[in-house]
Amino acid sequence: MTLARTERSDNVAHALKSMFDRVADAALDEVAFSPAAHPDILTTTWDELVATELLETLPSGEYILTGRGWTAAVISTGRINDPGFRQRIEKLFGTLRRPH
């Protein structure tokens with residue numbers, strides 16, 4: 001039986017939100033995700049996120065969110081429109097642009 005497109009799409013959005021919330025302010029490569037710890041995320045969703053380069057597979061079999069995945073999560077969760085979030089990102093980018 002194949003899953004409906006909307007169910008798959010909803011599960012991808014759910015997975016990205018869960019991962020985005022868990023990463024919070026940590027570095028992307030510091031937060032690994034295990035399918036066993038996330039039974040609510042479909043096997044096909046993990047595969048799709050890897051295929052679209054939103055997740056990277058680690059040698060341990062766990063996954064990390066890629067920069068592209070983080071950006072997709074920011075957009076899909078609507079955080080991109082949150083003024084407080086935008087201010088934090090602008091501050092971060094401003095810090096990164098400063099010459100040392």
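Does Met19 count as buried or exposed, and at what relative accessibility? In this predicted model, local features need pLDDT of at least 70 and side-chain atom pairs count only at pLDDT 80 or more, while totals for chains, interfaces and linings use all residues. Residues are numbered from 1 along each chain as its sequence is written, and side-chain values use heavy atoms, with hydrogens and water left out.

Met19 lies in helix α1 (helices are DSSP runs of H or I with at least four residues, strands runs of E with at least two, numbered from the N terminus). Met19 counts as buried because its relative accessibility is 1%; buried means under 20% relative accessible area, exposed over 50% and partly exposed in between, with a 1.4 Å probe and protein chains only. Leaving aside neighbours within four places in sequence, Met19 is in contact with Phe33, Ile41, Trp46, Leu49, Leu55 and Leu65, contact being heavy atoms within 4.5 Å. Met19 and Asp47, 28 residues apart in sequence, are 15 Å apart in space, C-alpha to C-alpha.

The largest nonpolar core has 19 residues, and Met19 is among those with the most contacts inside it, together with Leu16, Phe33, Trp46, Leu49, Leu55 and Leu65. Such a core is a set of buried Ala, Val, Leu, Ile, Met, Phe, Trp, Tyr and Cys residues joined through side-chain atoms within 4.5 Å. At least two residues of this core come from each of α1 (5-23), α2 (43-51), β2 (63-65), α3 (67-76) and α4 (83-97). The most is given by α1, with 6 residues.

Phe93 is placed in helix α4 and counts as partly exposed, because its relative accessibility is 40%.
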